[in-house]
Amino acid sequence: MAGTVEKKLAELGITLPEPRAPVANYVPFVRTGNFMIVSGQICLGPDGKLVAKGRLGAEVSIEDGQKAARTCAVNLLAQLKAALGDLDKVTRVVRLGGFINSAPGFVDGPKVMNGASDLMVTAFDDKGRHARTTVGVAALPMDAAIEVEGAFEVS
């Protein structure tokens with residue numbers, strides 16, 4: 001039976017995908033006490049294809065970047081669901097870290113990351129408000145436009 005958070009996601013038309021296995025020597029999440037760290041998730045859609053490929057400020061628009069960031073957030077939630085069994089066990093979204101595949105001079109990374117941040121606040125209400133870092137990078141795996149990692153307090 002779906003909890004409150006998953007019902008909110010369903011109302012938004014969001015179905016959590018099967019979480020993807022790591023592609024290198026790391027684990028998808030680590031729990032220590034009541035703290036969960038989820039490894040960076042790129043913007044792979046349910047079909048396994050990138051939602052946005054390339055650099056923000058060049059091949060990718062801010063709007064498409066926001067959609068990609070939201071997709072990364074959905075993938076974070078899928079990993080959390082796999083780890084916890086129930087997203088209602090998230091007591092606080094502590095931090096999101098966003099990596100934006102950026103063309104030289106692109107300075108609107110924070111606008112792009114709002115795609116991920118907005119979803120967390122929608123899903124978790126005030127518990128979804130978080131600290132955040134957004135960093136422009138020269139490249140990401142598979143030429144993904146966005147990668148997002150997260151830290152969560154859990155019960």
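Trainee: What makes up the lining of the largest pocket, by residue type?

Mentor: In this predicted model, the lining divides into 12 nonpolar, 4 polar and 3 charged residues. Gly counts as polar here and Tyr as nonpolar.

Trainee: Which residues lie nearest the centre of that pocket?

Mentor: A21, V23, Y26, G40 and I42 do, out of 19 lining residues. Strand 2 and helix 2 are the elements that give two or more residues to the lining. The space in the largest pocket is about 350 Å³.

Trainee: What follows helix 2?

Mentor: G85 follows helix 2, and its phi is positive, near 85 degrees.

Trainee: Which residues touch the most other members of the largest nonpolar core?

Mentor: Among its 42 residues, these are L9, L77, L80, L96, M120, I146 and F152. Several elements give two or more residues to this core, including helix 1, strand 3 (90-101) and helix 3 (109-124). Helix 2 gives the largest share, 10 residues.

Trainee: What makes L77 a contact of L16?

Mentor: Contact means heavy atoms within 4.5 Å. L77 is one of the residues in contact with L16, leaving aside neighbours within four places in sequence. L16 itself is found in the loop between helix 1 (4-11) and strand 1 (29-32).

Conventions: Residues are numbered from 1 along each chain as its sequence is written. This is a predicted model: local features need pLDDT of at least 70, side-chain atom pairs count only at pLDDT 80 or more; totals for chains, interfaces and linings use all residues. Side-chain values use heavy atoms; hydrogens and water are left out. Helices (H or I, at least four residues) and strands (E, at least two) are DSSP runs, numbered from the N terminus. A nonpolar core is a set of buried Ala, Val, Leu, Ile, Met, Phe, Trp, Tyr and Cys residues joined through side-chain atoms within 4.5 Å. Buried means under 20% relative accessible area, exposed over 50%, partly exposed in between (1.4 Å probe, protein chains only). On a 1 Å grid over the protein atoms alone, a cavity is a set of points where a 1.4 Å probe fits but cannot get out, and a pocket is an open set with protein on both sides within 12 Å along at least five of seven lines; lining residues have an atom within 4 Å of a point. Grid points are joined across faces, edges and corners, and a volume is the space filled by probe spheres set on the points.
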